[in-house]
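This briefing is meant to be read with the sequence and the coordinates open side by side. Its points are grouped by topic, and each topic can be checked in the viewer in turn.

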Amino acid sequence: LFDGASLIMLRQAHAEPGWPAPLHVVAWSLKNGRLWRWQSPALRQSAAITQAWGEAMLWSRALGEDERALALLEADEWQIYFYRDGSWTNPQSGQNQSQDLPDGVRLMLHRPDAARLPGWFTADWISPTWTPGS
């Protein structure tokens, strides 16, 4: 989910032998010139996932004190794109608000001029289940 103020995702953690892999709700928010990251503890029940998703949404809007939050780096602007149907699209565009999971996520961060590495930084994540032409 990307709403312009926050990016919230559900990701699978590494599984221990004999146990199903737990899930984490992870949120990023750009506030006060920094990129922040929040992560839930390992979750295995749908009610706990739903609760953590709500906590992530509240945190991303208020960016309050939370021991699960971490300031990552200086940034003054960001853009998020989802890869669907063979192209990168803006997830906030009305025509691109599909409920289908994207095949990829592109994060673009603009570092301020005063940063050690000024300019745009781009990171792509592609689903391990994606195949070209699919």
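Which strands does α1 lie across, and at about what angle does α1 run to β2? In this predicted model, α1 lies across β1, β2, β3 and β4, and its direction is at about 10 degrees to that of β2. The points below take the sheet, then the helix, and then single residues in strands and loops.

**The sheet**

- An open sheet is formed by 4 strands in the order β1-β2-β3-β4, with antiparallel pairing.
- The edge positions belong to β1 and β4, each of which has a single partner strand, so one side of each is left without a neighbour in the sheet.
- On average, and with direction ignored, neighbouring strands of this sheet are turned by 20 degrees against each other.
- Between the antiparallel strands β2 and β3 there are 6 bridges, and in this part of the sheet tryptophan 28 stands opposite arginine 37 of β3.
- The antiparallel strands β3 and β4 are joined by 5 bridges, and leucine 35 has leucine 73 in β4 as its bridge partner.

**The helix and what covers it**

- Helix α1 takes in residues 46-62, which makes 17 residues, and its span from first to last C-alpha is 25 Å, close to the 24 Å expected at 1.5 Å a residue.
- Its buried residues are Ile49, Ala52, Ala56, Trp59 and Ser60; seen down the axis of α1, these buried residues fall within an arc of 95 degrees, so they line one face of the helix.

**Valine 26 in β2**

- Valine 26 belongs to strand β2, which covers residues 23-31, and it counts as buried because its relative accessible area is 1%, where buried means under 20%.
- Apart from neighbours within four places in sequence, valine 26 is in contact with Leu7, Ile8, Met9, Arg11, Arg37, Trp38 and Gln39.

**Exposed residues in loops**

- Aspartate 85 is not a glycine either, yet its phi is positive at about 50 degrees; its place is in the loop between β5 (77-84) and β6 (87-89), and its relative accessible area of 77% makes aspartate 85 exposed.
- Leucine 117 sits in the loop between β7 (104-111) and β8 (119-126), and leucine 117 counts as exposed because its relative accessibility is 63%, where exposed means over 50%.
- Leucine 117 and leucine 70 are 47 residues apart along the chain, and their C-alpha atoms are separated by 20 Å.

Conventions: Residues are numbered from 1 along each chain as its sequence is written. This is a predicted model: local features need pLDDT of at least 70, side-chain atom pairs count only at pLDDT 80 or more; totals for chains, interfaces and linings use all residues. Side-chain values use heavy atoms; hydrogens and water are left out. Helices (H or I, at least four residues) and strands (E, at least two) are DSSP runs, numbered from the N terminus. Buried means under 20% relative accessible area, exposed over 50%, partly exposed in between (1.4 Å probe, protein chains only). Contact means heavy atoms within 4.5 Å. The expected span of a helix is 1.5 Å times one less than its number of residues. The arc is that of the directions from the helix axis to the C-beta atoms. Two strands pair if DSSP finds at least two bridges between them. Axes are lines fitted to C-alpha atoms, for helices over the stretch in contact, and angles run from 0 to 180 degrees between N-to-C directions.
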